[in-house]
Amino acid sequence: MALLGTDITAPATGPWLPWALAGSLVLLVAAVVQAVRLLRSRQRLVQRLTQANTALSELKQRDPLTGLANRAEFDAQLDAAVARADRGLVPLTVMVLGLDNFRAVNDTWGPRVGDALLVQAAERAVAFAGDARRVARSSGDEFMLLLDTGMDGATVQAELLRQRVSQPYLVEGQTLQVSASIGIAVYPDHGSRPRLPAHAALAMRSVKLGGGSGHALWDPAMSVSQREQAELLQDLRQALARHEFQLFYQPKVDAHSLQITAAEALLRWQHPKRGMISPMTFIPLAERHGLIADIGLWVIEEACRQAAQWREDGLRMRIAVNISGHQLRRDDLVDQSEAS
């Protein structure tokens, strides 16, 4: 027992001391390694969180379909471009590009094909502009572009852009082709910085009103034209109820017998203030705003009524009517025609 006690209370000397120190050192190293691992793990987590926040911020600045800049990012690029133009460094032009009759692509092939076509159109616009930050998707089938060109080169660039975007598209095995309308606003000739996008959009819509597949520089008269179009649209919505439409019948003559064998029904709008309005003016307006179906049905019913009246009078006459492409896509067109 005494020997045991002596061993316990003896000074820490003897051959076991290095082993004790070594064990403590191992524990210390293990603790340091663990601490380093925890620190590195924390750093990786912080790095991943930072990357995720950066990616999320970039996504917020992009159109989810095309990946183009959104309006906020485009406006920032426009501000910088205006500042450079004010310093006399580079000229500046804003273009608004709209795909013509894009709704027909969606109606015929479905939204998936339409979306794929939009993505390809966006890629062509970016390739033309040379910088993805300078191209934005402003609405469903419209894009805005910033170009370093002035008044002299704006129309040339617009025509080159139109040609590139109008080339055929290959989507899911289908070859599709749509034309493009482009509006141009040059800074500062066509207005201050806040007005440039709106003026370019007005110019683009004026091209579409003229049939599309072209380009136009903004002109102050276009703002007046837009107001007139809005007023005309309001009147057009009420024209049927007010019985302002009329059909005129153009005879069709047999070349051999010189007899009238049929007639073509021609629609006209007798406006109470504007007088007789050509269908070249109001038919495109009706098609764009979903009014053509009701107007077309009225034409069919009125032509059938006139044919029945002529038959009662002893005149058997075939009547041809013009049908809009929008009507042809309606499933009930045959039923409505038979009912008439």
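A residue counts as buried when its relative accessible area is under 20%, as exposed when over 50%, and as partly exposed in between (1.4 Å probe, protein chains only). This is a predicted model, in which local features need pLDDT of at least 70 and side-chain atom pairs count only at pLDDT 80 or more, while totals for chains, interfaces and linings use all residues. Residues are numbered from 1 along each chain as its sequence is written, and side-chain values use heavy atoms, with hydrogens and water left out.

Buried residues make up 34% of the 340 residues in the protein. The secondary structure comprises 12 helices and 11 strands, taken as DSSP runs (helices H or I, at least four residues; strands E, at least two) numbered from the N terminus.

T149 lies in the loop between β3 (142-147) and α6 (151-165). Because its relative accessibility is 11%, T149 counts as buried. Beyond its neighbours within four places in sequence, T149 is in contact (heavy atoms within 4.5 Å) with P91, L92, T93, A154 and Q157.

The axes of helices α4 and α5 come within 7 Å and cross at roughly 140 degrees; axes are lines fitted to C-alpha atoms over the stretch in contact, with angles from 0 to 180 degrees between N-to-C directions.

| Helix | Residues in the contact |
|---|---|
| α4 | F102, V105, N106 and W109 |
| α5 | P111, V113, G114, L117 and L118 |
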